[in-house]
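Biologist: I would like to go through the terms used for this model and see what stands behind each of them. Could you take me through it?

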Amino acid sequence: MLGLLMGLFALPALADCPSHELKVRAADGRLLVRLPMPAGEGWCLAWNHSVEGFTVHDCYRNVEGRMVLQRSHLPDFAAGLDHIPGRGRQVSDGHGGYWIEDLDEPVPGDAYRLRVGAMRVDHRLVSRPEGAPLATLLTNARDCRAGERYAADLVALAAEPPVVVSLSELAANQRVTLALEPLALEPPAERDETP
């Protein structure tokens, strides 16, 4: 009985394990990126503005299993970047740019298509300023029954934060789909017991 209780305490709390994953798939359906995404956590899609070169952020969150655009950071009112009245509220970032806060827009179907820019644009997945770093999410997932799902190179990145996943390195000038999906545990691989 004592051994059973000790074993239960050694397991991570399932509440701390990811319930969903952020998946990035190529147009042919090939999985390019998979990141654990527990409820309440999120990520930002960052990229360099094609004209001005500064970094823009769109920050998403897993809200009860839904992909929700929470906020955006725009360092300037450059081409294509402005606040649409009635869509969130604009606040200064204190450095000449601004955040669009309180967007809280569910993404239809919890997925969207993106044409990934070249390395000059460098579309990339980064941590949200107010959330757990991607490195922490990967480290925590290793302690869960789903930890082996994540590519060894991403887990290795978690050892030296910050974790930045460049979609432009993986799929420049291609269409990809970013989707928040429920974690579907795969059955463990069968072992070959023959000598």
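Modeller: Buried residues account for 44% of the 195 residues in the chain; buried means under 20% relative accessible area, exposed over 50% and partly exposed in between, with a 1.4 Å probe and protein chains only. This is a predicted model, where local features need pLDDT of at least 70 and side-chain atom pairs count only at pLDDT 80 or more, while totals for chains, interfaces and linings use all residues. Residues are numbered from 1 along each chain as its sequence is written, and side-chain values use heavy atoms, leaving out hydrogens and water.

Biologist: Why is Y60 called buried?

Modeller: Its relative accessible area is 7%, and the cut-off is under 20%, so Y60 counts as buried.

Biologist: And what makes Y112 count as buried?

Modeller: Y112 has 18% relative accessibility, which is still under 20%, so the label is buried here too.

Biologist: Why is the pair of W43 and Y60 called stacked?

Modeller: Rings of Phe, Tyr and Trp (its six-membered ring) pair if their centres lie within 6.5 Å; planes under 30 degrees apart count as stacked, over 60 as edge-to-face and the rest as tilted. For W43 and Y60 the centres are 5.5 Å apart and the planes at 15°, so this pair is stacked. W43 belongs to strand β3 (residues 42-48) and Y60 to strand β4 (residues 55-63), so the pair ties together parts 17 residues apart in sequence. Strands here are DSSP runs of E with at least two residues, and helices are runs of H or I with at least four, numbered from the N terminus.

Biologist: What makes Y60 and Y112 a stacked pair?

Modeller: Their ring centres are 5.5 Å apart and their planes at 25°, so they count as stacked. This pair links distant parts of the chain, with Y60 in strand β4 and Y112 in strand β9 (residues 111-115), 52 residues apart.

Biologist: What is the largest nonpolar core made of?

Modeller: A nonpolar core is a set of buried Ala, Val, Leu, Ile, Met, Phe, Trp, Tyr and Cys residues joined through side-chain atoms within 4.5 Å. The largest one has 38 residues, and W43, L125, L167 and L178 have the most contacts inside it. Helix α2 (residues 134-142) gives the most to this core, with 5 residues.
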